[in-house]
Amino acid sequence: MKTKEKLVLVKPRKKDAAEIMQFRQEFIDNGEGDSMPGANKLNQFDKFEDWWKYIKAFEKQKTVPIKGFVPSFEYLLRRKSDGKLLGMLQIRARLNENLFFYGGNFGGCIRPSERSKGYSTQMISMGMRKAKRLGLKKILITCLKTNLASAKSIKKAGGVLEDELVYNNDKMQRYWLRRKK
Ligand SMILES: CC(C)(COP(=O)(O)OP(=O)(O)OC[C@H]1O[C@@H](n2cnc3c(N)ncnc32)[C@H](O)[C@@H]1OP(=O)(O)O)[C@@H](O)C(=O)NCCC(=O)NCCS
């Protein structure tokens with residue numbers, strides 16, 4: 001489905017705390033508390049303040065909290081008409097070896113109640129514009145071959161399949177996206 005809704009991709013603010021924690025809760029209630037791709041481990045933080053400090057530390061290489069990790073930036077996807085928080089996108093500023101093969105530049109998720117409306121496709125396209133400002137000319141996005149919704153949204157956003165690598169008992173697909181202009 002293609003949405004006609006206007007969307008915005010914005011940086012989180014401290015005053016979004018309650019909304020972000022409700023967003024997190026929706027994943028947990030939907031049985032997805034183990035993983036929230038693109039939310040930089042929000043599912044593992046019970047206190048917003050702790051997650052806030054964590055994501056802020058990722059914004060500069062010298063404060064990135066995990067050795068070998070690259071700087072990353074968190075964005076919120078909102079619907080313009082009612083401001084509702086729909087999804088999250090994490091943009092990783094460059095690719096280390098692990099990201100090149102398995103993680104990619106983007107990680108993302110759409111809240112369960114707002115899926116299949118074309119929002120992920122739009123979030124990827126909007127993320128490409130932010131990535132350009134980071135100097136990224138092309139973007140790698142990976143997804144498990146079994147994650148049909150993700151693969152579809154990546155392809156609809158212009159992703160071109162590079163290859164498939166064995167990953168646990170599944171296959172990891174690697175897609176490149178280039179900005180048109
Ligand atoms: C993957 C995810 C981001 C997709 O978000 P979304 O907003 O629903 O995606 P879109 O609506 O842009 O596109 C999804 C497409 O897949 C289709 N789809 C949805 N579920 C599907 C399924 N189980 N099998 C096949 N296709 C499916 C949708 O109908 C839509 O196609 P259409 O536009 O032709 O109708 C969302 O499902 C999600 O957050 N999942 C959990 C986190 C995750 O897997 N993130 C990606 C990690 S790589």
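Helices (H or I, at least four residues) and strands (E, at least two) are DSSP runs, numbered from the N terminus. Residues are numbered from 1 along each chain as its sequence is written. The model is predicted: local features need pLDDT of at least 70, side-chain atom pairs count only at pLDDT 80 or more, and totals for chains, interfaces and linings use all residues.

A residue is near a molecule if its C-beta atom, placed from the backbone, lies within 6 Å of it. The ligand is surrounded by 19 residues, and the closest are Arg115, Ser120, Cys143, Leu148 and Ala149. Two or more shell residues come from each of strand 4 (106–110), helix 4 (119–133) and helix 5 (148–156). Helix 5 gives the most, with five residues. By class, the shell holds eight nonpolar, eight polar and three charged residues. Here Ala, Val, Leu, Ile, Met, Phe, Trp, Tyr, Cys and Pro count as nonpolar, Asp, Glu, Lys and Arg as charged, and the others, Gly among them, as polar.

Helix 5 also has a buried side. A residue is buried if 20 or more other C-beta atoms lie within 10 Å of its own, exposed if 12 or fewer, and partly exposed in between, with C-beta atoms placed from the backbone. Ser150, Ser153 and Ile154 of helix 5 are buried. Seen down the helix axis, the buried residues of helix 5 fall within an arc of 100°, so they line one face of the helix. That arc is taken over the directions from the helix axis to the C-beta atoms. The cover over these buried residues includes helix 4, strand 5 (138–144) and strand 7 (170–178). Two residues are in contact if their C-beta atoms, placed from the backbone, lie within 7 Å. Glycine 158 follows helix 5 and has a positive phi, near 110°.

The strand pairings come next. Two strands pair if DSSP finds at least two bridges between them. Strand 1 (residues 7–10) and strand 2 run antiparallel and are joined by four bridges. Leucine 9 stands opposite leucine 77 of strand 2. Strand 2 (residues 72–79) pairs with strand 3 in the antiparallel sense over seven bridges. Phenylalanine 73 has isoleucine 91 of strand 3 as its bridge partner. Arginine 78 is likewise bridged to leucine 85 in strand 3. Five residues lie between the strands in the hairpin of strand 2 and strand 3, where glycine 83 takes a positive phi near 75°. Strand 3 and strand 4 are also antiparallel, with five bridges. Glycine 87 has isoleucine 110 of strand 4 as its bridge partner. Strand 3 (residues 85–92) is mostly covered, with seven of its eight residues buried.

In soluble globular proteins, nonpolar side chains tend to be buried together. A nonpolar core is a set of buried Ala, Val, Leu, Ile, Met, Phe, Trp, Tyr and Cys residues joined through C-beta atoms within 7 Å. The largest such core has 30 residues, of which Leu77, Met88, Leu89, Ile124, Ile139 and Ile141 touch the most other members. At least two core residues come from each of helix 2 (48–57), strand 2, strand 3, strand 4, helix 4, strand 5 and strand 7. Helix 4 supplies the largest share, five residues. Leucine 89 touches Leu9, Gly38, Tyr75, Leu77, Phe106, Gly108, Met123 and Gly127, not counting residues up to four places away in sequence.

Arginine 79 belongs to strand 2. With 17 other C-beta atoms within 10 Å, arginine 79 is partly exposed. Its contacts are Glu5, Leu7, Lys84 and Leu86, again not counting residues up to four places away in sequence. Glutamate 5 is 74 residues from arginine 79 along the chain, yet their C-alpha atoms are separated by 6.9 Å.

Most residues other than glycine have a negative phi. Asparagine 40 is not a glycine, but has a positive phi of about 45°. Lysine 41, also not a glycine, has a positive phi of about 65°. Asparagine 40 is in the loop between helix 1 (17–29) and helix 2. Lysine 41 is placed in the loop between helix 1 and helix 2. Asparagine 40 counts as partly exposed because it has 19 C-beta neighbours inside 10 Å. Lysine 41 has 12 such neighbours inside 10 Å and so counts as exposed.
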